[in-house]
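I opened this model to look up a few things and keep notes as I went. The entries follow in the order I made them.

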Amino acid sequence: MLKKFFLIVCGSFVGAFLALIIVTLLSVMMSFVIFGSLASSMGSTKIEKNSIMYLRLEGTLNEREATGMETLATMMPSRNQSQSLSTLVKGLKLAKENNNIKGLYIDCRGMAAGMASLQELRNAIQDFKKSKKFVYAFGDEGIMQSDYYVASVADSIFLNPEGMVDVHGLGSTTPYMKKLLDKLGVEMQVVRVGTFKSAVEPFMLENMSDANRLQQKHYLGSLWGVISSDMAKARGIDTAKLHMLCDSVMATMSSDELKANKLIDRTCYRTEMEDKLRALTGVKEDEELKLVTADVLLSNDTGSLITSSSNEIAIVYATGEIDAGASIPGASADGIDSEKLSQTIRQLQYDDNVKGLVLRVNSPGGSAFGSEVIWKAVEDFKSSGKPVAVSMGDYAASGGYYISSGAGRIFADPLTITGSIGIFGMIPCASNLINNTLGVNFEEVSTGDNVIVGTPFKPLTSQQKDALQRMVNRGYDTFTKRCATGRKVSQDSIKVIGEGRVWDAITAKKIGLVDELGGLGDALKWVAQQAKLKDGDYTTGEYPSLEMSFMDMFGTMYSIKQEQDLRQRMGLFYTTWQQLQVIMGREKVLCLMEPIEIVF
């Protein structure tokens, strides 16, 4: 009997081991097939004469290229397609210099992107126009405001005769959930520094505070001033008239009215648009247009943007919330791991080939401790004598500004949102829900009065809340001290413009939080100058690495499937549930900008 038992056990072990080997071999084989097909598809299309660069404004616009695994993930049903700002900008630069590219075709289908990212893309198109090649934009069902902002620099804007243009201005929405939390029996216990630090408002107030309304009105007005001025200038319209047209519900205007007001140039159907492009490039009516995407341009680049120099300027991307707890099911996996990012910066510090660093920040902040860790890594890099610049994207607020403050030069896009120098702590207490509604009573036995602090089972005592407030005050003092040292001003002057207030980049430059208005390219040029490198004397490298292991792919796919299932089951409640999950997974002390949605 014992012998039979051992035979069964050994047989099961051998079977499981063989199964593991087979699965591993199949996984490796599948990875080669997947990556082989991806690589071959990227490099198989050649750029022929009379080609047109095709810019499809659709899906979401991210900072960087997707990895092979992420590319596969976007192919899954119900998954939004994403594009990379970095890829599109590089592609436009290559298209400008490529003689086989005769022009640019902007297909407006509705792209979700931050305002600063859209402006950087728009600037790249304006640079492309210096080649004197044509730039045409087309909208079929309609051209949304974000697309129109980009398309407004085109030589001509074409619209389907029954299409619409929706340019309306900027607005923000902030969900206030105190009533909901009261009904559930949950209290958010808040300690904060900063009159304008409104990230906690939705959980402690039923309505927006006057301070928050003031700051939002200010920066939204400034941002819209830039956007509307840019569009009006490009279209040859008076800015005041454009504001009037926006207020008249532009989306309801007929194509004739749009044309009469110089918002579009001509009307045509998509097939007619394609015929115009054929005529411009000498392609026969029965032949396909030779449309080339930015990905294809980069895969066919033979070295026009590459130098053989060993000198490198590193571009380090800090994108998303800092230490946001990305392992939470349904929460966004896009975020900054402070430990990994700081390790990356330190590795670059000791790399002799790396002559300088540009920190590309697109973050609303997050963990106060994580922000300090990244700040220290940047300081250590500077101590090596290598120059550091910051290039701000859509957001570089709160912790996003914390990690930027020590840079030798800070560049921000005119549409960047920054500042929010403040700190808060937030601890949920569900004692009313647990004790009274659910009828569960937690009894505590401990060796002191403050052994168990910050549990959801009982509210903070006044002593505990005072202690937490002192800790938050100390964190704010450190934050403002870091900013003052980095900006070479007094700490008191930082506290005056701090208080958690959010600033647009133009105002931030006036008050000294930003040095120059410009994009990533401007930051690279400054670092090159400081490192005494001329054009062609250096390459650029992007960090952290986006490579993903095969096992990581399965984790990503599983997370995506989880997210899709939850969205389907929860419907309209998914977003609120997701926000609560992220809050529960965060650290207790945060440098984070308020969670608002800007309607663009």
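**Entry 1: isoleucine 106**

I started at isoleucine 106, which sits in strand β3 (residues 101-112). The model is predicted, so I read each value as computed from it. Is isoleucine 106 buried or exposed? Its relative accessibility is 0%, so isoleucine 106 counts as buried; the cut-off for buried is under 20%.

Next I listed what isoleucine 106 touches, leaving out residues up to four places away in sequence. The partners are Leu55, Leu57, Ile125, Val135, Tyr136, Ala137, Phe138 and Ala151. I then checked alanine 151 by C-alpha distance and got 6.9 Å to isoleucine 106. Along the chain these two are 45 residues apart.

**Entry 2: α3 against α4**

Helix α3 (residues 85-97) and α4 have axes that come within 9 Å and cross at roughly 5°. That angle is under 35 degrees, so α3 is roughly parallel to α4.

By class, the contact of α3 with α4 holds 9 nonpolar, 1 polar and 3 charged residues.

**Entry 3: α4 against α8**

I stayed with α4 and looked at its packing on α8. Helix α4 covers residues 115-128 and helix α8 covers residues 210-235. Their axes lie 12 Å apart, at an angle of about 25°. So α4 is roughly parallel to α8. The crossing of α4 past α8 is left-handed.

On the α4 side, I found Met115, Gln119 and Arg122. On the α8 side, they meet Leu223, Val226, Ile227, Asp230, Met231 and Ala234. I sorted the contact of α4 with α8 into 6 nonpolar, 1 polar and 2 charged residues.

**Entry 4: α13 against α14**

I then moved along the chain to another helix pair. Helix α13 (residues 338-349) and helix α14 (residues 368-383) cross at roughly 0°. Their axes come within 9 Å. At that angle α13 and α14 are roughly parallel to each other.

I wrote down the residues on each side. α13 brings Ser338, Leu341, Ser342, Ile345, Arg346, Leu348 and Gln349. α14 brings Gly370, Val373, Ile374, Lys376, Ala377, Val378, Asp380, Phe381 and Ser383. The contact of α13 with α14 divides into 8 nonpolar, 5 polar and 3 charged residues.

**Entry 5: backbone checks**

Now the backbone. Most residues other than glycine have a negative phi, and most peptide bonds are trans. I looked for departures.

Serine 398 has a positive phi, near 50°. I placed serine 398 in the loop between β17 (388-397) and α15 (399-402). Its relative accessible area is 0%, so serine 398 is buried.

Lysine 532 has a positive phi too, near 60°. Lysine 532 lies in the loop between α20 (520-530) and β23. Is lysine 532 buried or exposed? Lysine 532 is exposed, because its relative accessible area is 74%, and the cut-off for exposed is over 50%.

Which residues does a cis peptide bond join? I found tyrosine 543 and proline 544, with omega about -5°. Proline 544 is in the loop between β23 (539-543) and α21 (550-570).

**Entry 6: glutamate 443**

I checked one more loop residue. Glutamate 443 falls in the loop between α16 (431-437) and α17 (462-487). With a relative accessible area of 69%, glutamate 443 is exposed. I also took its C-alpha distance to phenylalanine 457, which is 9.6 Å. Glutamate 443 and phenylalanine 457 are 14 residues apart in sequence.

**Entry 7: the whole chain**

How many helices and strands does the chain have? I counted 22 helices and 25 strands. Of the 600 residues, 47% count as buried. The chain exposes about 29300 Å², and carbon and sulfur atoms supply 55% of that area.

Last, I looked at contacts between residues at least 6 apart in sequence. Of these, 77% join residues at least 24 apart.

Note on methods: Residues numbered from 1 in each chain as written. Predicted model: local features only at pLDDT ≥ 70, side-chain atom pairs only at ≥ 80, totals over all residues. Heavy atoms only, no water. Axes fitted to C-alpha atoms, helices over the stretch in contact; angles between N-to-C directions. Helix = DSSP H or I, 4+ residues; strand = E, 2+ residues; numbered from the N terminus. Parallel < 35°, antiparallel > 145°, perpendicular 65-115°, else oblique. Left-handed = near helix turned anticlockwise from the far one by under 90°. Contact = heavy atoms within 4.5 Å. Nonpolar A, V, L, I, M, F, W, Y, C, P; charged D, E, K, R; others polar. Buried < 20%, exposed > 50% of the residue type's maximum accessible area, 1.4 Å probe, protein only. Areas by Shrake-Rupley, 256 points an atom, 1.4 Å probe, with all protein chains shown as cover.
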